[in-house]
Amino acid sequence: MTKIKKLHHKRLNFPPQETQQLREQLEGAPVKDIHAVLEAHQEWTFVRGDMYHWIPVLNRFDEILMDICQEYELSSLQRADFDGSTQRTVVCVLHFSRLLLENCINRNLYSSVDRLDCLLNTSDPEVLESTLRLLLRTSQRLSYQRDLKAHQTVMSSRLTALADPWHAKRDMGPPPEQSSAEAAASHTNEFKLLAQDATTGLLAKHGGVVRYQYFRTAEDVRALEAEQGGTGAEEAGAPSDAHKKTAGGVHRTPSKKGRAHPQTANPRAATAAGAAAAAAVAEGLVSISAPISSLGVNQAASIGEQMRQALGALVEQFRVPAAHQFELRHRILVALAFARGDSELRQRLLRSRIYAVAVLSQLMSEPEFRNMLQSREPNFTADIIEVLQPEVRAPLSLQTAVLLALESLLKQRGEVSGAYVALNASANHGVLMFTLRKAFTNTDGPPVYPYEFMSALYFFLTGMATNMNGGQLLVSAGVVPVFVSALRHTHPQQQRSAGRIAKLLDCLISSTPAAFPAFCSANGLAALVDRMHDEVRRAVAASSVDATALSSPVALPPFSEYPKQMYRRRELLAAEQIFLLKELFKLLSRLLQQSTYQDRLRNLVETSLPATLRTVLCNPVAFGSNIYGLAISISAMLVHNEPTSLPIIQEARVPEAMLEALEQHVPYSSDVIMYIPAALGAFCLNEAGLEQVRKSTVIRR
């Protein structure tokens with residue numbers, strides 16, 4: 001069992017109430033009821049957490065997955081379907097584990113990669129997609145890649161099988177009457193066809209057929225002969241120049257170099273003589289082409305059972321070795337999705353295929369990944385980006401998969417330029433700007449896109465802003481004014497998106513010199529200060545600060561003194577509001593730290609910012625140590641950057657508010673203590689401030 005054995009960090013803060021309550025529910029709930037608890041948390045609604053808080057939960061998840069893998073023998077291909085409760089439990093555990101990795105620090109604690117390796121053998125499409133999506137998140141961390149090395153040989157072969165194209169390009173080529181370049185391009189992009197669910201033409205005709213080729217080696221032949229008791233030894237070793245019958249009535253003709261020509265077979269063409277000769281196997285290329293309708297599967301059975309029936313029939317007929325059965329089984333699953341006319345299953349398998357390529361981009365070196373794409377899908381990046389075009393009308397779940405894959409592909413230097421060209425990233429009318437405008441135009445309404453899509457879009461934009469020339473392209477396309485308008489979103493459901501936009505602006509301004517002038521031109525400073533003022537007022541009104549409100553039904557660790565109780569992240573405010581406030585204050589703090597921006601920032605003291613800072617400093621319990629410390633830091637930087645602004649700060653009673661709060665209690669938090677000396681030094685730059693600090697008892701404390 002892969003347990004997390006690390007001890008709690010010495011400087012670990014206590015978790016918020018909501019996190020503690022959920023953790024206790026997951027630790028105490030019976031296994032059969034865990035999915036009911038997790039299904040109520042499909043989105044992350046807490047402040048950013050710490051994986052150390054979730055060690056007991058992760059260990060329990062690992063035990064659950066281990067028991068399921070052993071019960072269903074997932075060390076090899078799955079032989080029986082999950083029951084309903086087990087399937088829901090696996091999907092919910094994988095989903096919540098991914099949420100933890102996306103929204104917590106110390107992510108290197110996760111150590112259940114070997115369970116994900118076993119779950120790749122599942123026959124359940126939903127479990128497979130959830131496994132690949134979690135595997136994608138783990139593969140993006142270098143610490144996880146070290147754990148993946150132990151499983152990389154076997155895992156990479158299965159991921160490659162999942163990432164393979166479903167059909168040859170000749171099967172999707174344009175009909176003779178449509179020979180234009182536009183029609184040819186449309187028909188050769190398999191992702192676009194499947195995104196549009198265009199399965200009525202040649203794609204539908206060839207889709208319900210299982211096509212697979214593999215080379216049967218001499219070792220495979222000897223192994224099969226050993227299984228058959230050597231019945232085919234004489235025939236396999238007898239020299240002959242004539243055509244010889246092989247499995248399923250397939251002919252084998254020796255070539256000039258002694259190799260066999262490819263074997264081709266169709267179950268409908270199998271004769272009695274061919275069936276009698278099925279015991280004879282020969283080295284060479286075996287080609288399987290079998291319509292699903294000819295394999296005798298039970299149409300009333302589940303998709304997993306139909307897949308196993310078809311696999312058993314083909315393995316028996318073509319003597320497929322165990323090493324090739326995983327890929328053959330997946331080809332059968334794809335063919336079943338087309339034969340059954342199941343659009344939802346096709347979309348799920350297509351998303352899994354995209355995730356598999358993204359995982360390989362993290363596990364393989366750049367030359368290996370480039371060679372893999374060139375041999376299979378040289379235009380993969382451009383093809384999946386075309387799915388994002390608005391005229392394609394692809395499902396949002398598929399667009400989410402594309403954005404998550406692009407986040408990983410941008411880390412492959414050979415794919416960066418092609419991705420930017422396909423996205424038309426520097427153009428104001430490109431697909432990326434279309435999506436951003438649609439997402440952030442409505443400032444008063446609920447989000448246009450669901451949580452999963454917005455998260456994928458945020459991860460992709462963050463990766464692009466920090467990747468090579470991506471930040472410059474975003475600024476050139478005019479993304480900064482769109483982000484500034486997003487800061488003005490007032491709908492409660494838009495608070496987390498607004499916080500993420502503030503974080504993106506911080507990243508862009510820090511990495512791209514042209515971003516700050518664009519930010520100022522879009523009146524971004526005024527939008528930032530106004531949003532801070534409005535959010536602080538709403539926070540004070542919502543918190544109704546009262547000492548009795550800090551009482552918690554959740555048991556706390558037994559400390560004789562608990563001086564940082566008022567500075568726990570709880571809290572009195574919603575998690576989305578805390579996140580938004582923290583990102584807004586961090587953005588302004590980062591701007592004040594840049595010496596090149598001071599000519600644009602010296603007039604901030606004439607806005608509502610001093611009143612905002614005083615409100616925060618008067619209510620430390622409501623805002624917590626992070627925001628409270630940032631407010632102290634901003635107050636100090638305003639004075640240090642422009643000493644003549646100190647009288648205005650004093651007129652707004654900012655020093656008085658800070659000193660009064662600190663006289664009552666000096667917080668037991670490094671987020672606050674580290675900024676106090678700079679603030680005291682700033683307030684002592686004139687006689688009135690020096691006298692005020694002398695009369696205070698803060699220094700003596």
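Predicted model: local features only at pLDDT ≥ 70, side-chain atom pairs only at ≥ 80, totals over all residues.
Trainee: Thanks! How many helices and strands are there in the chain?

Mentor: The chain has 37 helices and 7 strands. Both are DSSP runs numbered from the N terminus, helices being H or I with at least four residues and strands E with at least two.

Trainee: What makes E129 count as buried?

Mentor: Buried means under 20% relative accessible area, exposed means over 50%, and partly exposed is in between (1.4 Å probe, protein chains only). E129 has 12% relative accessibility, so E129 counts as buried. E129 sits in helix 6 (residues 125-139). Leaving aside neighbours within four places in sequence, E129 is in contact with R348, R351, S352 and Y355, where contact means heavy atoms within 4.5 Å.

Trainee: And why is E73 called partly exposed?

Mentor: The relative accessible area of E73 is 40%, so E73 is partly exposed. E73 lies in the loop between helix 3 (55-71) and helix 4 (84-103), and has a positive phi of about 55 degrees although it is not a glycine.

Trainee: What about N523: why does that residue count as partly exposed?

Mentor: N523 has 44% relative accessibility, so N523 counts as partly exposed too. Its place is the loop between helix 27 (515-521) and helix 28 (524-543). Phi of N523 is also positive, near 60 degrees, in a residue other than glycine.

Trainee: How do you know that helix 22 is mostly covered?

Mentor: Of the 10 residues of helix 22 (residues 431-440), 7 are buried. They are V431, L432, M433, T435, L436, A439 and F440. Their cover includes helix 21 (413-423), helix 23 (451-465), helix 24 (470-477), helix 25 (479-486) and helix 26 (495-511). For the chain, buried residues make up 55% of the 701 residues.

Trainee: Now to helix pairs. Why are helix 32 and helix 36 called oblique to each other?

Mentor: The axes of helix 32 (residues 620-641) and helix 36 (residues 676-683) come within 8 Å and cross at roughly 40 degrees. Angles under 35 degrees count as roughly parallel, over 145 as roughly antiparallel, 65 to 115 as roughly perpendicular and the rest as oblique. Helix 32 and helix 36 are therefore oblique to each other. On the helix 32 side, the contact is made by I632, S635, A636, V639 and H640, and on the helix 36 side by I676, A678, A679, G681, A682 and F683.

Trainee: What makes helix 32 oblique to helix 34?

Mentor: Here the axes of helix 32 and helix 34 (residues 654-664) come within 11 Å and cross at roughly 140 degrees. That angle makes helix 32 oblique to helix 34. The contact joins Y628, I632 and S635 of helix 32 with V654, M658, A661 and L662 of helix 34.

Conventions. Residues numbered from 1 in each chain as written. Heavy atoms only, no water. Axes fitted to C-alpha atoms, helices over the stretch in contact; angles between N-to-C directions.
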